[in-house]
Amino acid sequence: MNSSITKLFNIKYPIVQGGMIWVSGAKLAAAVSNAGGLGIVGAGSMNPDVLKEHILKTKSLTDKAFGVNVPLLYSGAEEQINCAIDLGVKIFFTSAGSPKKFTDYLKKKGAVVVHVTSSPELAVKCLEAGVDAIVAEGYEAGGHNGREEITTMTLIPQVRERISIPIIAAGGIATGSAIAAAFALGADGVQMGTRFLMTKESSAHENFKNLALQALPHSTQIMMRSTVPVRLFNNQFSSDIKKIEETYTGEELKKKLIEHLGKFRAMNGMHKGELEQGELEIGQIISLIKNIPTVAEVMKELISDYQKTLSRLPVKL
Ligand SMILES: Cc1cc2nc3c(=O)[nH]c(=O)nc-3n(C[C@H](O)[C@H](O)[C@H](O)COP(=O)(O)O)c2cc1C
């Protein structure tokens, strides 16, 4: 499974574990890197001290390449980036903000920079900003989502048409056959969030993982379109958001949503297992996932399913 992505990161398989707030610490990142993919420490929910601890722990658990994801919408992004640089991190996945903000700075520090995009237009901006690769993330994805609501199936070929740097497809990918589909559409690698959330090594709370095992195809939806769109598991918290969105408009709506969101909903939901009042970010593909294996088992299954898929292709048309 060699591709421009395996070369770029010096990894065995072009499979990246997406950075995920409250879910992707050292244990998950190191397990993915040790299994031949690229593990990512999700800095978005970490202050610099916690981030430092996770980077050092990842280094102690693996001698393979790993990266750090920094969502640029949070105020601590610059501090997180500098903390990771000081500790020798060489791979950065930035997201939720302009690719122009830190790409140049990171490149000057000798880092490989990947930016997450949700549209072909933004992919071109990433190219202009000088990134090494992009993640093209479709509407199916868990967590914060693009306003354009473009599905992975339509996004990847349109990004491929416009840029020639490596593309990592994300959103709705959890099987080897989906990896093969992403490659067929023009991707060079894949990034998975939801599949890795559902592993023994992720720091999602057991209550959340067990609830997610019961998911149906319509158990998630995009909420908070007027502020920061995010794909959530349906629960009391998301029903309350829906009521607010049906009742208010404009500035009043934004104010009410911010009030409702409060401070620790994401931590309480995903990390502490508060299933009704917490925020539960997860992708649409969750309804296909019916187990909570180790990362090594997931990787083995992905590769075997990928090979089986290739052996039954091409289908004669
Ligand atoms: C719980 C959760 C938290 C996430 N947090 C982040 C984040 O902090 N930064 C980011 O760039 N993407 C984040 N994502 C998106 C993932 O990195 C990944 O791109 C996405 O999950 C891929 O789609 P999938 O869930 O269908 O696999 C998050 C996704 C989930 C499920």
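Good morning. The C-alpha centres of domain 1 and domain 2 lie 23 Å apart. Domain 1 covers 4–203 + 292–311 and domain 2 covers 206–285, with bounds taken from an automatic or database domain assignment. The contact between them takes 21 residues from domain 1 and 16 residues from domain 2, where two residues are in contact if their C-beta atoms, placed from the backbone, lie within 7 Å.

Two remarks on the source. This is a predicted model, in which local features need pLDDT of at least 70 and side-chain atom pairs count only at pLDDT 80 or more, while totals for chains, interfaces and linings use all residues. Residues are numbered from 1 along each chain as its sequence is written.

On the side of domain 1 that touches domain 2, strand 7 and helix 9 each supply at least two residues. Helices (H or I, at least four residues) and strands (E, at least two) are DSSP runs, numbered from the N terminus. That side of domain 1 divides into nine nonpolar, ten polar and two charged residues. In this classification Ala, Val, Leu, Ile, Met, Phe, Trp, Tyr, Cys and Pro count as nonpolar, Asp, Glu, Lys and Arg as charged, and the others, Gly among them, as polar.

I turn to the ligand. Of the 31 residues around the ligand, G18, G142, G143, G193 and G283 come nearest; a residue is near a molecule or strand if its C-beta atom, placed from the backbone, lies within 6 Å of it. Strand 3 (66–71), strand 9 (189–192) and helix 9 (194–197) each supply at least two residues of the shell, and the largest share, three residues, comes from helix 9. By class, the shell has 13 nonpolar, 14 polar and four charged residues.

Eight strands form an open, parallel sheet in the order 1-9-8-6-5-4-3-2, two strands being paired if DSSP finds at least two bridges between them. Its edge strands, each pairing on one side only, are strand 1 (15–17) and strand 2 (39–42). Direction ignored, neighbouring strands of this sheet are turned by 25° against each other on average. Strand 1 and strand 9 run parallel and are joined by three bridges; Q17 has M192 of strand 9 as its bridge partner. Helix 2 (residues 26–34) lies across strand 1, strand 2 and strand 3, and runs at about 165° to strand 2. Here axes are lines fitted to C-alpha atoms, for helices over the stretch in contact, and angles run from 0 to 180 degrees between N-to-C directions.

A second open sheet has three strands in the order 7-11-10, with antiparallel pairing. Strand 7 (143–144) and strand 10 (220–223) are its edges. Strand 10 and strand 11 (residues 230–233) pair over four bridges, and I222 has R231 of strand 11 as its bridge partner. The hairpin of these two strands has six residues between the strands, and M224 takes a positive phi near 55° there.

Finally, a helix pair. The axes of helix 3 (residues 48–61) and helix 4 (residues 77–86) come within 10 Å and cross at roughly 30°. The contact is made by P48, L51, K52 and I55 of helix 3 and E79, Q80, C83 and A84 of helix 4. These residues divide into five nonpolar, one polar and two charged. Thank you.
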